[in-house]
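Please look through the sequence and the model below before reading on. The briefing that follows goes through the strands, their turns and the residues packed between them, one topic at a time.

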Amino acid sequence: MSIEKLKTLWQKYFGTSSPKPLETKKPTRVKRKTRRDRLNGLISEIGKEMFDVRVQVEWGRCPYCESIAQMMSTRLGYFRCSNCREITKQYINGRIAYLPVDDQSALGDEPKA
Ligand SMILES: [Zn+2]
C-alpha cells in the first residue's frame with residue numbers, strides 16, 4: 001500500500017492532490033453538508049478499497065526478537081512484529097501473548113482451523 005497509490009485515488013476522486021476543498025467562494029449550508037456527506041462516503045469507499053483487511057496494531061512481546069514491539073495484524077489472529085518482521089500468532093489466555101508460528105502453511109490464503 002503506497003502513498004502514491006493513495007494520491008492517485010485521491011486525485012481520481014477529487015481532481016486535486018490536496019484534500020482542501022476547491023469551492024470556497026459561496027458555500028451555502030446545504031451545499032456544504034451535501035459535500036461533506038459525499039466526502040465521507042468517498043473516504044470510506046477509499047478506505048474499503050485501500051484496506052480491505054482491517055488493520056490492527058497492538059503492543060506486545062515478540063517471541064522472535066524478545067522485544068516489546070508494535071504487532072501489526074496481517075490476518076485474523078496473526079500479527080507481524082514491527083521490529084524483526086516475523087509473523088507471530090496471537091494467543092489469548094487471560095492475557096494476550098504472541099507465539100512463534102511453526103506451521104508456515106497456516107499463513108496461506110486459506111488458514112486451516
Ligand atoms: Zn520481533
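In this predicted model, R61 has I68 of β2 as its bridge partner, and V57 has M72 of β2 as its bridge partner. These two pairs belong to the pairing of β1 with β2, which is antiparallel and extends over 5 bridges.

- E66 counts as exposed, because 10 other C-beta atoms lie within 10 Å, and the cut-off for an exposed residue is 12 or fewer.
- How many of the 5 residues of β1 are buried? The number is 0, so β1 lies largely in the open.

**The sheet as a whole**

- The protein chain holds 2 helices and 5 strands, and from the N terminus on these elements follow one another as α-α-β-β-β-β-β.
- The 5 strands form an open sheet in the order β1-β2-β3-β4-β5, with antiparallel pairing.
- The edge strands of this sheet are β1, residues 57-61, and β5, residues 95-100, each of which pairs on one side only.
- On average, and with direction ignored, neighbouring strands of the sheet are turned by 45 degrees against each other.

- The hairpin formed by β2 and β3 has 2 residues between the strands, and G77 in its turn has a positive phi of about 90 degrees.
- Which residues of β3 are on its covered face, and which on its uncovered one? F79 and C81 belong to the covered face, whereas Y78 and R80 belong to the uncovered face.

- β3 and strand β4, which comprises residues 87-93, run antiparallel and are joined by 3 bridges, while Y78 stands opposite K89 in β4.
- β3 and β4 also form a hairpin, this one with 5 residues between the strands, and R85 in the turn has a positive phi of about 70 degrees.
- R85 is not a glycine, although its phi is positive, and R85 is found in the loop between β3 and β4.
- R85 counts as exposed because it has 12 C-beta neighbours inside 10 Å, and a residue with 12 or fewer falls in that class.

**A closer look at R80**

- R80 lies in strand β3, and, leaving aside its neighbours within four places in sequence, R80 is in contact with M71, M72, T74, R85 and I87.
- Is R80 buried, exposed or partly exposed? R80 has 19 other C-beta atoms within 10 Å and is therefore partly exposed, since a buried residue needs 20 or more.
- R80 and A69 are 11 residues apart in sequence, and the distance between them in space is 9.7 Å, C-alpha to C-alpha.

**The nonpolar core**

- In soluble globular proteins, nonpolar side chains tend to be buried together.
- Which residues make up the largest nonpolar core of this model? The core has 6 residues, namely C62, A69, M71, F79, C81 and Y98.
- Two strands, β2 with residues 68-75 and β3 with residues 78-81, each supply at least two residues of this core.
- A69, one of the core residues, is in contact with C62, C81, S82 and N83 when its neighbours within four places in sequence are left aside.

**The chain in numbers**

- The protein chain has 113 residues, of which 6% count as buried.
- Among the contacts of the protein chain with a separation of 6 or more, 20% are between residues 24 or more positions apart.

Methods: Residues are numbered from 1 along each chain as its sequence is written. This is a predicted model: local features need pLDDT of at least 70, side-chain atom pairs count only at pLDDT 80 or more; totals for chains, interfaces and linings use all residues. A nonpolar core is a set of buried Ala, Val, Leu, Ile, Met, Phe, Trp, Tyr and Cys residues joined through C-beta atoms within 7 Å. Helices (H or I, at least four residues) and strands (E, at least two) are DSSP runs, numbered from the N terminus. Two residues are in contact if their C-beta atoms, placed from the backbone, lie within 7 Å. Two strands pair if DSSP finds at least two bridges between them. Axes are lines fitted to C-alpha atoms, for helices over the stretch in contact, and angles run from 0 to 180 degrees between N-to-C directions.
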